[in-house]
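Please work through each task before reading its solution.

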Amino acid sequence: MKNLLMFLKKNTMLVVLILVYLFFMVMTGGSILKPLNFNALITQNAYVYILAAGMLMCMLTGGNIDLSCGSFVCLVGAVGGVMMVIKGMNTGLSIALMLILGIAYGCGLGYLIAYVHIPPWIATLAGYLAFRGLGTSILSANSKTGSIAPLPEDFLKIFSGKVWQTKMSVFNWPCMTVGIVAAVITVAVLFLNRQSRIRKGYDADSMSTTLVKSVVSAAAILFVMYKLSRAGGIPTVLIWVVAVVLIYSFITSKTQVGRQFYVVGGNIEAARMSGVNTRWVMFLAYLNMAVLTVVSAWTVMARFQAANSTAGTNFEMDAISACVVGGVSASGGSGSVIGMVIGATLIGVINLGMSLMGIDANYQKVVKGVVLLGAVVFDILSKKRKG
Amino acid sequence: MAKILLEMKNITKTFPGVKALDNVNLQVEEGEIHALVGENGAGKSTLMNVLSGIYPYGTYTGDIIYDGEVCKFSHIKDSEHKGIVIIHQELALVPEMTIGENMYLGNERGHKFAIDWNTTYAEADKYLRMVGLEESSKVQVKTIGTGKQQLVEIAKALAKKARLLILDEPTSSLNEEDSKALLDLMLGFKKQGMTMIIISHKLNEVAYVADKITVIRDGTTIETIDNHGQEPVSEERIIKGMVGREMTNRFPKREGVKVGDVQLEVENWTVHHPLYPERKVVDNVSIKVRKGEVVGIYGLMGAGRTELAMSIFGQSYGANISGSLKIDGKPVRLRKSIADAIRHKIAYVTEDRKGNGLVLSQSIRVNTSLANLDQISNHKVIDEDKEHAVAEEYREKLKIKTPGVEQLVGNLSGGNQQKVLLAKWMFAGPDIMILDEPTRGIDVGAKYEIYCIINDLAAAGKSVIMISSELPEVLGMSDRIYIMNASKVIGEMKASEATQENIMAAILKSGRGE
């Protein structure tokens, strides 16, 4: 029981997420539970997870942020739209060129921040302004409506739509099978980790904690996949999100480079004096951010099946909010991918729930602002108590 | 017997789980300098925080009787109002503001909303002269040195009409000259009737300046030593009270260590200041270290010791570095990379463990492995089990007192932090270890343990360079001593020939030579 309480204390945001979800379940009369809304939760928020993974890496290095990513989504969309629709270029080539655009921007930005020591928020503020203007002008030069559509089928297939799609009325067994396999793997990993820690004589979670963790995560996976099975199948974009989440979980928790992000954020001088190439870490943070911004731009283009001048508006704020609500320190050095995922999901659920309740969009912003502030206040207070 | 100005009676203060002060009694006479000594965590600062109202009345038990009346301070302003002013160890000046603005920060001259700058600066100047500063109060604090900043702090205290001045480690960041000046200033104030309490680790200073010395250990007052005799109280006498036993030998003997071949040879090493390239911070220095040897580098602060060490360590400091570096007799190409220095098996254990030594927000485990991640990784993927085992190994070897290696370094005491820093560099597997002020700000017991570690390093055939501004430490630990002054090495002595007197004489002689 004590262990369970400890677990809850450590995972407060997860508890909050569940409570908020239950709240909206009651308030929306259960409509948030509808399979279609699950689908919407994932497809509407996919970009947040992808951008927030990049933002997390930037914030780890010392609370640095990237304000330009939303506008860069717009620019990448505009360039891609022109290439694929107006010029009729090959989709694969266009994707590669968009990626190269991202890498070029990332290198330039990373160089300015890491080697010229331009404060990140200023360097990216410039991008925030310029890319929106550039993207919009490219779009309006090529289209009367300021929007380029329709994007080619093969592009849409990679970033949107469903895997093994079936009709809504039919239960999608492939989707459910994937869910069952994923749940089994998750539980197995949890237990095997515990076993190995015990065998090596380290502190391990108690049996009951591991059980709770297993049940909660398996139930969550099965629940989501069951709902998706009744909404036509796995959204393609979910695969991208899961891949990003898994890759960045691995990088942050297991690799040397991930460790270096944390120590640079914890004490950049100590990191430097220990042989960490701190400039290279800063450079990587922003290069990585630009690459993930391109990925997120692809998913957004595919979702709207068009390149829009409004695409990416406020995305940077969504990514920062997801990180902060997910417990990523605003001064750097601490935070996790799983925390970010919970933060992003919480914001997504709040958005969806309020929309379903028919709350005015302006009030939605108020609520989100309060949630963001509340999360930081909570974070700081709980740290104070510990210290 | 003079009047008792301050009496603290049976003060007990508990923090959740810890009794920080247990029935502490302290009597301070009017017009004396009273020293508080004790190991880190003994409760000195807690006691002063109780006195100044930082821990308000009601959060502790016992009485504070000041100037004949029982005081119930609930805020630092209350105690300042009575003339009790505390100067904290870390300087609390705003570098970008002028001296005058700093002195009257929160205590502004003038009335209502308007600050009367003429009065401010005139009064500030008056107090600056009292502490012997010639600077105008209109210059920015960042333009004057640390020693002068400390004097500004004192002037600031005087401006608050202090009757009882509390100085917490006032000389910890000062060089010997500035320290001496500060202590003499205190003696001057004493003549004018000021009462002072000084907290210090530097026992020679305490013996020099204090009339009475109260020893605190584990939250209780052990004894008050009178220092009015002909001879100042011996450091050994004070240490005995602090650690509760006779420390017969402050420096452990290094026995049976064979000094081998020359491992590191630095020749004609010159380093320029990174911001003022015309200034040489290290001037044509040549030193060498042998395997198994402990070489002390002694010099006052600003002599260029740290600059020398950091410039050798992957050129982590300085510009236009010239000279040659040989390791094991082979010339090493100079590169501006710390990783490169680590590859050449050089380690630099910084003097500033919080500033550029440790990541306080991370665990002991993460800090221990930081300089040698490859050792615990497979293809750049960290093996946390290996890492954990390494951290545990060093925790045991260096006797780091902690519940576990997952503990955050920020929660450890200074001595234990220093050990984690040493663990990091020992794990990096260097042949040449440069220790910069390895015992700064840590207590006597932990110092002894650090000395033992240094001896073990030498015994393992490492070349150790120990930079220190504590002369007894340099004399007690080194095989050979280089003396630095004004960016140059001005002397080299065998430990057997070196004495406090001839080292100081060498420095004075070189100073005159300029």
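**Exercise 1.** Determine how many residues of domain 1 of chain B are in contact with domain 2 of chain B.

*Solution.* Step 1: two residues are in contact if their C-beta atoms, placed from the backbone, lie within 7 Å. Step 2: by this criterion, 9 residues of domain 1 of chain B meet 7 residues of domain 2 of chain B. Step 3: helix α6 (residues 176–191) of chain B supplies the largest share of the domain 1 side, 3 residues. Helices (H or I, at least four residues) and strands (E, at least two) are DSSP runs, numbered from the N terminus.

The model is predicted: local features need pLDDT of at least 70, side-chain atom pairs count only at pLDDT 80 or more, and totals for chains, interfaces and linings use all residues. Residues are numbered from 1 along each chain as its sequence is written, while chains are lettered from A and ligands numbered from 1 in the order in which they are written.

**Exercise 2.** State how β21 and β22 of chain B run relative to each other, parallel or antiparallel.

*Solution.* Step 1: 5 bridges connect β21 (residues 432–436) with β22 (residues 463–468) of chain B, and the two strands are parallel. Step 2: Ile434(B) lies opposite Ile465(B) in β22(B).

Note on methods:
Two strands pair if DSSP finds at least two bridges between them.
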